[in-house]
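Please look through the chain shown below before reading on. The notes after it are meant for a first reading.

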Amino acid sequence: MGDSKKALITGVSKGLGRALALELASHNHTIIGCSPEGLSICVAKELPEGLAIVSLDPGTICTHMLALCLGHHMASQSQSPQQWALKAATIILGITISDNGASLTINRSVCVPTISNLVFIEA
């Protein structure tokens with residue numbers, strides 16, 4: 001990819017977000033964005049060659065908000081943000097076009113699992 005630049009776009013599976021992602025991808029940008037899981041799965045089937053979308057489950061991360069909601073003892077059973085970042089970086093940076101439509105997990109915790117999506121579009 002050489003001189004590729006990166007862009008983070010939310011709502012990348014439809015409307016303005018999708019149009020912007022496609023435009024930037026045509027100018028050699030790597031796009032990372034978010035969209036609802038159901039839309040990500042549908043979009044994976046419709047993407048032109050050279051584009052990909054994956055669903056990413058980040059697992060549960062021990063944050064201040066989680067501790068407020070679940071109590072410190074239960075929240076502390078989850079991975080720290082620093083632990084999560086090291087795992088996530090490895091997985092996210094390893095995503096390729098061949099992963100189109102895949103469902104990936106950073107780390108599923110025994111606590112309260114969460115779902116989000118990561119979209120990776122490569123020019």
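What follows is a short briefing, grouped by topic.

This is a predicted model, in which local features need a pLDDT of at least 70 and side-chain atom pairs count only at pLDDT 80 or more, while totals for chains, interfaces and linings use all residues. Residues are numbered from 1 along each chain as its sequence is written, and side-chain values use heavy atoms, with hydrogens and water left out.

**Confidence**
- The mean pLDDT of the chain, where pLDDT is the predictor's confidence in each residue from 0 to 100, is 74, and 77% of the residues reach 70 or more.
- Over residues 109–123 the pLDDT is below 50, although this stretch has 70 contacts in the model beyond near neighbours in sequence; a contact means heavy atoms within 4.5 Å.
- Where pLDDT is low, the predicted coordinates should not be read in detail.

**The chain as a whole**
- The chain has five helices and five strands, which are DSSP runs numbered from the N terminus (helices are H or I with at least four residues, strands are E with at least two).
- Read along the sequence, these elements follow the pattern β-α-β-α-β-α-α-α-β-β.
- Of the 123 residues in the chain, 34% are buried, where buried means under 20% relative accessible area, exposed means over 50%, and partly exposed lies in between (1.4 Å probe, protein chains only).
- Among the contacts in the chain with a separation of 6 or more, 70% are between residues 24 or more positions apart.

**Helix 1**
- Helix 1 (residues 15–26) has 12 residues and reaches 17 Å from its first C-alpha to its last, close to the 16 Å expected at 1.5 Å a residue; the expected span is 1.5 Å times one less than the number of residues.
- In helix 1, the residues G17, A21, L24 and A25 are buried.
- Just after helix 1, N28 takes a positive phi of about 65 degrees.

**Strand 3 and its partner**
- Strand 3 is covered on both faces, with V54 and L56 buried on one side and S55 and D57 buried on the other.
- In a regular strand the side chains alternate between the two faces of the sheet.
- Strand 3 pairs in the parallel sense with strand 4 (residues 103–105) over three bridges; two strands pair if DSSP finds at least two bridges between them.
- D57 stands opposite T105 in strand 4.

**Two partly exposed residues**
- G50 is in the loop between helix 2 (37–46) and strand 3 (54–57), and G50 is partly exposed because its relative accessible area is 27%.
- G50 and A25 are 25 residues apart in sequence and 9.3 Å apart in space, C-alpha to C-alpha.
- P81 is found in helix 5 (residues 81–93), and P81 counts as partly exposed because its relative accessibility is 37%.
- Not counting residues up to four places away in sequence, P81 touches I61 and C62.
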